[in-house]
Amino acid sequence: MKVLVIEDNESVSSMIEMFFLKEGIKGEFVKDGLEGYNRYKEDSWDALIIDWMLPGMDGVTICRKIREEGSSVPIIMLTAKDSESDQVLGLEMGADDYVTKPFSPLALMARIKAVTRRYNNQKNETTEKGVLQTKYFKISKETREVYLNGEPITNLTPKEFDLLYYFVQHPKQVFSREQLLERVWGYQFYGDERTVDVHIKRLRKKVGTPNQPFFYTVWGVGYKFDETPVDVNED
């Protein structure tokens, strides 16, 4: 596995490099954002780890530019920003996941393995096996295209697509946040459920309507996907 790390904090980079050596991951470390973006374009990578605040070009801009170019390479953002709005911004720009500093190196390694495993599995899916069709949705896992009522939905981030696809595969089944982290993100629960909540909120805005939200909160348990319309006056 070859991973590009764009991080200007030497102590953080040294810690990541130490764990890369233990895991047999080939890492390349760049301190400047613009230099890191240019290095990304020069080679192929299994994953990118990008710090939010960088000299030259910030991490969110790097992420946005990579996604605008059509690349689906897995991206994990490192950030000291802990507010929901900051997390939403990073995810909206196309990050697959984020890790808030300070973080556990073991948790970061698990997330790297998870996003790269899912990415490789998705590349190996066939169209026949990867197309889902419901009353409202048609979703291709191979081409990562989503149609709602026959109209294309083109503004989903990579992880929003993964979450939607998983829910549509399991209609009306209730999943806890911990289950979704394990089955969609691919790593064990480490105590941060907010990334699930953020993605559900964004999906409701992008594909739902007041009387057709598709994603329902089951209080005290988690979330479920249901295409049944509801009364707009319901709580």
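In the predicted model, residues 24 or more positions apart account for 58% of the contacts in the chain with a separation of 6 or more. The chain comprises 235 residues, of which 49% count as buried, and its secondary structure consists of 9 helices and 11 strands.

One of the sheets is built from 5 strands, arranged in the order β2-β1-β3-β4-β5. This sheet is open, and its pairing is parallel. The edge positions are taken by β2 (residues 26–30) and β5 (residues 97–100), each of which pairs on one side only. With direction ignored, neighbouring strands of this sheet are turned by 20° against each other on average. Strand β1 (residues 2–6) is joined to β2 in the parallel sense over 5 bridges, and Lys 2 stands opposite Lys 26 of β2. Helix α2 (residues 33–42) packs on this sheet, where it touches β1, β2 and β3 (residues 47–51). The direction of α2 makes about 160° with that of β1.

Ile 16 belongs to helix α1, which spans residues 10–23. Its relative accessible area is 2%, so Ile 16 is buried. Beyond its neighbours within four places in sequence, Ile 16 is in contact with Val 5, Phe 29, Leu 78, Phe 103 and Leu 108. The C-alpha atom of Ile 16 is separated by 8.7 Å from that of Met 109, although the two residues lie 93 residues apart along the chain.

Another sheet contains 4 strands in the order β6-β7-β8-β9, and is likewise open. Here the pairing is antiparallel. In general, strands of a sheet pair through backbone hydrogen bonds, in either a parallel or an antiparallel arrangement. The edges of the four-stranded sheet are β6 (residues 131–133) and β9 (residues 151–153), with each pairing on one side only. From one strand to the next the twist averages 20°. Strands β6 and β7 run antiparallel and are joined by 3 bridges; Val 131 has Ser 140 of β7 as its bridge partner. Helix α7 packs on this sheet and touches β6, β7 and β8. The direction of α7 makes about 120° with that of β7.

The largest nonpolar core has 28 residues, among which Phe 137, Ile 139, Leu 164, Phe 167, Leu 180 and Phe 215 touch the most other members. At least two residues of this core are supplied by each of β7 (137–140), β8 (145–148), α7 (158–169), α8 (177–185), α9 (194–207) and β11 (222–225). The largest share, 7 residues, comes from α7. Another core lies apart from this one and has 20 residues, including Trp 45, Leu 48, Trp 52 and Val 60. In soluble globular proteins, nonpolar side chains tend to be buried together.

On the α8 side the contact is made by Arg 177, Leu 180, Leu 181 and Trp 185, and on the α9 side by Thr 195, Val 196, Asp 197 and His 199. The contact of α8 with α9 has 4 nonpolar, 2 polar and 2 charged residues.

Strands β10 (residues 215–218) and β11 pair in the antiparallel sense over 4 bridges. Together they form a hairpin with 3 residues between the strands. Gly 220, in the turn, has a positive phi of about 85°. Not counting residues up to four places away in sequence, Phe 215 touches Leu 164, Phe 167, Ile 200, Leu 203, Arg 204, Val 207, Lys 224 and Phe 225.

Technical notes:
Residues are numbered from 1 along each chain as its sequence is written. This is a predicted model: local features need pLDDT of at least 70, side-chain atom pairs count only at pLDDT 80 or more; totals for chains, interfaces and linings use all residues. Side-chain values use heavy atoms; hydrogens and water are left out. A nonpolar core is a set of buried Ala, Val, Leu, Ile, Met, Phe, Trp, Tyr and Cys residues joined through side-chain atoms within 4.5 Å. Buried means under 20% relative accessible area, exposed over 50%, partly exposed in between (1.4 Å probe, protein chains only). Contact means heavy atoms within 4.5 Å. Two strands pair if DSSP finds at least two bridges between them. Ala, Val, Leu, Ile, Met, Phe, Trp, Tyr, Cys and Pro count as nonpolar, Asp, Glu, Lys and Arg as charged, and the others, Gly among them, as polar. Axes are lines fitted to C-alpha atoms, for helices over the stretch in contact, and angles run from 0 to 180 degrees between N-to-C directions.
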